[in-house]
Amino acid sequence: MMVVVSYDVSTKTKSGQKRLKKVAETCLNFGIRAQSSVFECIVDPGQWEILKHELLSIYNPEEDNLRFYFLGSNWQNRVENYGVSKNLKADDPFII
């Protein structure tokens, strides 16, 4: 299933800057960056639970915001992209 993760992390303090980096790194472990604070993650239900748990343990609910959009298994018919895109598509093969 495709889950789009977007976030807004307060960077007014050093701890906020550290949280921002951790949120981005966590998202990169599960998907690709679509925009600065938006990631497209193709995950199975178990991976989704891990991703969600990790992000919720990092963010500060009094200062930050996390949003999850569930596009499901038929996500290819629900995503349109226009203009310049520097990123891979979420379902492109990755070489590590």
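Start with β1 and strand β4 (residues 65-72): they pair antiparallel through seven bridges, where strands count as paired if DSSP finds at least two bridges between them. Y7 sits opposite L66 in β4. This is a predicted model, with local features needing pLDDT of at least 70, side-chain atom pairs counting only at pLDDT 80 or more, and totals for chains, interfaces and linings using all residues. Residues are numbered from 1 along each chain as its sequence is written, and side-chain values use heavy atoms, leaving out hydrogens and water.

Helices (H or I, at least four residues) and strands (E, at least two) are DSSP runs, numbered from the N terminus. Here are the pairings:

| Pair | Bridges | Sense |
|---|---|---|
| β1 and β4 | seven bridges | antiparallel |
| β1 and β3 (residues 38-42) | five bridges | antiparallel |
| β2 and β3 | four bridges | antiparallel |

Put together, four strands make an open sheet, ordered β2-β3-β1-β4. Its edge strands are β2 (31-35) and β4, each pairing on one side only. From one strand to the next, the twist averages 25°.

Two helices come next. Helix α1 (residues 14-28) packs on the sheet and touches β1, β2 and β3, contact being heavy atoms within 4.5 Å. The direction of α1 makes about 170° with that of β1; axes are lines fitted to C-alpha atoms, for helices over the stretch in contact, with angles from 0 to 180 degrees between N-to-C directions. Helix α2 (residues 45-58) also packs on the sheet, touching β1, β3 and β4, and its direction makes about 170° with that of β4.
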